[in-house]
Amino acid sequence: MSTTQQPTKTILRLHLPTDPRWVNIAEKNIEDILVDHAYCEQKAATSAISLIVKYPDKTRLVEEMTDLVAEEWSHFERVLEQLKKRGYGLGRNRPDEYVVELSKHIRKGNKRERQLMDHLLVNALIEARSCERFKLLWKNIQDEELQKFYYELMVSEAGHYVSFVKLAKEYMPAAEVDARLNELLEIEANIIRSLEPRPDRMH
């Protein structure tokens with residue numbers, strides 16, 4: 001199997017592919033997509049920081065999230081560069097309905113490690129869906145510079161997905177992590193199924 005197939009077909013395990021219409025509307029609204037993408041990278045960095053703040057006693061988590069913050073912020077800067085090249089500004093932040101709905105399934109309560117697992121797996125699925133969308137952009141848009149850009153980010157997001165799942169297994173039994181991931185994958189598919197493709201959203 002080629003490396004270009006691997007990220008979404010053998011690693012991500014998403015239950016529902018993105019509606020093919022999304023690529024067409026995304027390319028026609030590339031300014032909005034880039035703006036939303038910039039904020040997605042910013043929020044990914046912020047989410048990693050919040051995990052460090054909430055779980056400072058988890059040494060491996062702190063180390064990996066510190067590296068992730070730097071990488072996600074670098075991606076944010078690179079998206080800003082793409083916006084600037086095209087004469088676009090950052091624009092306003094827009095709520096990410098997909099992330100809001102998925103985050104509702106992070107279980108609360110006094111089971112700290114279980115809550116951490118859910119946080120990590122929700123982050124993993126956000127990275128997985130981003131990876132899948134980056135692959136669609138890489139393979140379908142006409143802008144050659146953005147093709148290369150989204151190929152690089154696709155590979156990076158696939159790695160983040162794998163890292164989040166492995167990290168969850170540092171703190172909870174692997175079988176429990178896998179079972180919860182399967183539950184969340186079905187939940188994620190239902191969320192995608194319920195959302196209309198948006199011309200101004202990465203998710």
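## Basis

In this predicted model, local features need pLDDT of at least 70 and side-chain atom pairs count only at pLDDT 80 or more, while totals for chains, interfaces and linings use all residues. Residues are numbered from 1 along each chain as its sequence is written, and side-chain values use heavy atoms, with hydrogens and water left out.

V69 belongs to helix α4, residues 59-85. Helices are DSSP runs (H or I, at least four residues), numbered from the N terminus. The relative accessible area of V69 is 18%, so V69 is buried; buried means under 20%, exposed over 50% and partly exposed in between, with a 1.4 Å probe and protein chains only. Apart from neighbours within four places in sequence, V69 is in contact (heavy atoms within 4.5 Å) with A45, A48 and I49.

Q82 counts as buried because its relative accessibility is 6%. Not counting residues up to four places away in sequence, Q82 touches L34, E145, L146 and F149.

## Packing of α6 and α7

Helix α6 (residues 112-140) packs on helix α7 (residues 144-171) at an angle of about 160°, and their axes are 8 Å apart. Axes are lines fitted to C-alpha atoms over the stretch in contact, and angles run from 0 to 180 degrees between N-to-C directions. The two helices, α6 and α7, are therefore roughly antiparallel (under 35 degrees is roughly parallel, over 145 roughly antiparallel, 65 to 115 roughly perpendicular, the rest oblique).

## Salt bridges

The whole structure holds 20 salt bridges, each a side-chain nitrogen of Lys or Arg within 4 Å of a carboxyl oxygen of Asp or Glu. D32 and R94 form one of them, at 3.8 Å from N to O. D32 is in helix α3 (residues 30-54) and R94 in the loop between α4 and α5 (97-103), 62 residues apart. D32 is partly exposed at 29% relative accessible area, whereas R94 is buried at 7%.

K58 and E113 form another, at 2.5 Å from N to O. This pair links the loop between α3 and α4, which holds K58, to helix α6, which holds E113, 55 residues apart.
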